[in-house]
Amino acid sequence: MKAPKAQKIEKILKDQRRDPYYWMNQRDSSAVLSHIATEQEYFEHKSKPAKELQDQIYEELKKKIPGKESTPPYPFKNYLYWSRYEDKKEYSIYCRKKINTENEEIILDVNELAKEHKYYSLSNISLSFSHRFIAFSADSVGRRFYTICFKDLEKNQILPNNIPDTAGDMVWANDDRTLFYVKQDAQTLRPHKVFRYDLKTQEHTLVFEEKDETFYIDIFKSLSEKYIFIQSLSSMTTESRFIPADKPANNFEVFLERKRKHKYFVEDGRDCFYILTNSNDCKNYRLDQASLSNKDQWSNIFPHNKDIYIEDFHVFEDFIALEVREKSLTQVLLLDRKTHQLKKLPVPAEPHVVELSTNANFKTDLLRFSYESLITPETIYDYDVLTKKNKFIHQKNLAVPFDPDKYHQERLFIPARDGVEIPVSLLYKKDQFKQHSNPLYLYGYGSYGISMEPFFYRNMFSLVDRGFVFAIAHIRGGAENGKWWYEQGRLLNKKNTFNDFIDCSEYLLKEGYGKRLYAVGGSAGGLLIGSVLNSRPDLYTGLVAHVPFVDVVTTMQDSSIPLTSGEYDEWGNPEDKAYYDYIKSYSPYDNVKQNSFPHILVTSGYHDSQVQYWEPLKWVTRLRDLQQNDSLILLYMDMDSGHSGTTGRFKKLKLLALEYAFLLHLEKSFT
């Protein structure tokens, strides 16, 4: 079967670029649906030789998941809360019981809610102040429009009230009847309005609208439950508003008016405010304090440190927990609220991920956190701030035997072309590794200041146990080395992201960590894959791009496309010639040239709200137009999902099995 040939309809865009496949953005048109169906037929045909292997991998991945598994219960007021899975069930069951009792109460069984839907994603569960009611939000399409529903836990009854087409974010006031929720723009999907909803009268009242199209909003209640905050956020600027949580009819008060390039985040400690701020060139943030009566006067309690990047903070009655990053690894620091003395949580020194777990009570002497690494499953501890000791609580269950001593993990620092050292996390099986012989799986992202962590990737062992070396390139554009790391991989520095990945690829091959290189990325990581493909197709045996953002110029020129206006601080506004020229110079779709390509697998979801389906569809078509060899270029389009793929703990493994089978089948041809 020959690869699909798409109709060419010449379209001259406003900047005089010519795009023969622009027509593919006509969602639900017969021409688009017909072409996608042809792509699916071609995919099925070309995937047949690997189908048996795909099924085998899928069953193998399923066996790694325990039939029954549960999160450790966490205390919140008079209850313990947890979630669990039942054998062969796809979705979580949320439970609670009163402390010092044994009677389990099922709050929400998502399996029951999802059974009539091909796709079902629960976004949020919010408890009312007395814990009698819950509000929960769910999307049954994949477009990230969530319907908020309510349940009376006392009567074990779903209420008839529901609020459709929301962003899914919501918080209760302290009166057990008022819910604040966020709505997004129907076309751009930008969260921009906050409403107050009265559960008894069913009245909706608009309380805030963010009119600047480069900002989006979220809403949260402080851990103290004293205040509700609305945050307006862009890539470079924030602004906070607040009201007392027990006075929901009040107007939201601005904490500090926005100022370009000033990002600040506010929490309260009941008797004062704490502010995380980057003002005065504190790129890695500092922590300040202000009184309730004079919130404009800030005093510093944790100074800026060029080597410690503060990612988040959580205020408790007696201490503040700071989630920080030091030497590219995460750590948790505790700051005594009275003495300002600092304590670092004790954890092993190996490459790791340390994060706060669920801590719901403001007054506590126990801080729950998680620890994991490439060879250590997620492990939960309670740290006693009085005795300064960790107590083991739980380790994530593994359904199959696992011996960490059989594996090797390490962190390299690879020199980029400009001399900057790029951290790379590595994992391989000791008895499978032989220099210059192994297949190498290299993953990258490098955007939005999002750091890629050396988590315990349970499923990745299906490749590692077959001889693959697994590597994560912590390239610029993330925040692994602090805020400056992000700054060096955005706007007019964006090409550092791609160059870092290429430099890591070359180094790993040269040093013998692999013989054949397979690179993988998703979303903005798909942009990475598309860019390195255009620059160095010769380096890679195979590429996998999940929901790839590849048509950068066209998307960034169209503010009606979801998320575009809020992305100007990330990529640049192409109305500015300097940014236009720079974006155009690396946009994957605009820079495809005649060449011999590696084997390529591209995946997408038809209802994707982040990267519209037509971007990967157009890109694959253009790649085939200019291809000068016979390598496979395949597109898999899931017609029932969005940006994050399908839902369900077993169902979502099918896409992973598809990817792994693609890579293993390619590798098989070399052995």
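Accessible areas here come from the Shrake-Rupley method with a 1.4 Å probe. By that method the chain exposes about 28,500 Å², of which carbon and sulfur atoms supply 47%. The structure is a predicted model.

**Overall architecture**

- The chain holds 11 helices and 37 strands.
- Its radius of gyration is 25 Å, close to the 26 Å that the globule rule gives for 671 residues, so the chain is as compact as a globular protein of that length.
- The C-alpha trace spans about 70 × 55 × 50 Å along its principal axes.
- Of the 671 residues, 58% count as buried.
- Among contacts in the chain with a separation of 6 or more, 56% are made by residues 24 or more positions apart.

**The second largest pocket**

- Rolling a probe the size of a water molecule over the atoms shows where empty space is left.
- The second largest pocket contains about 330 Å³ of space.
- Its lining comprises 15 residues, and those closest to the centre of the pocket are Lys 261, His 262, Asn 278, Asp 281 and Lys 283.
- By class, the lining divides into eight charged, five polar and two nonpolar residues.

- Asp 152 belongs to strand E8, which covers residues 146-152.
- With a relative accessibility of 3%, Asp 152 counts as buried, because the cut-off for that class is under 20%.
- Beyond its neighbours within four places in sequence, Asp 152 is in contact with Arg 132, Phe 133, Gln 157 and Leu 159.
- The C-alpha atoms of Asp 152 and His 131 are separated by 9.4 Å, and the two residues are 21 residues apart along the chain.
- Asn 161 is found in strand E9, and its relative accessible area of 8% makes it buried.
- Apart from residues up to four places away in sequence, Asn 161 touches Ile 148, Cys 149, Phe 150, Tyr 197, Leu 199 and Gln 202.
- Asp 165 is partly exposed, at a relative accessible area of 44%.
- Although Asp 165 is not a glycine, its phi is positive, at about 60 degrees.

**Residues in loops**

- Lys 211 is placed in the loop between strand E13 (204-209) and strand E14 (216-221).
- Lys 211 and His 192 are 19 residues apart along the chain, and their C-alpha atoms are separated by 7.2 Å.
- Leu 398 sits in the loop between strand E29 (389-395) and strand E30 (407-415).
- Leu 398 counts as partly exposed, with a relative accessibility of 30%.
- Setting aside neighbours within four places in sequence, the contacts of Leu 398 are with Pro 66, Pro 377, Phe 456 and Arg 458.
- Between Leu 398 and Arg 624, which are 226 residues apart along the chain, the C-alpha atoms are separated by 42 Å.
- Ser 523 occupies the loop between strand E34 (516-522) and helix H6 (524-535).
- At a relative accessible area of 15%, Ser 523 is buried.
- Ser 523 has a positive phi, near 65 degrees, in a residue other than glycine.

How values were computed: Residues numbered from 1 in each chain as written. Predicted model: local features only at pLDDT ≥ 70, side-chain atom pairs only at ≥ 80, totals over all residues. Heavy atoms only, no water. 1 Å grid on protein atoms, 1.4 Å probe; cavity = no way out; pocket = protein on both sides within 12 Å on 5 of 7 lines; lining within 4 Å. Points joined across faces, edges and corners; volume = space filled by probe spheres on them. Nonpolar A, V, L, I, M, F, W, Y, C, P; charged D, E, K, R; others polar. Helix = DSSP H or I, 4+ residues; strand = E, 2+ residues; numbered from the N terminus. Rg over C-alpha atoms; globule rule 2.2 N^0.38 Å. Buried < 20%, exposed > 50% of the residue type's maximum accessible area, 1.4 Å probe, protein only. Contact = heavy atoms within 4.5 Å.
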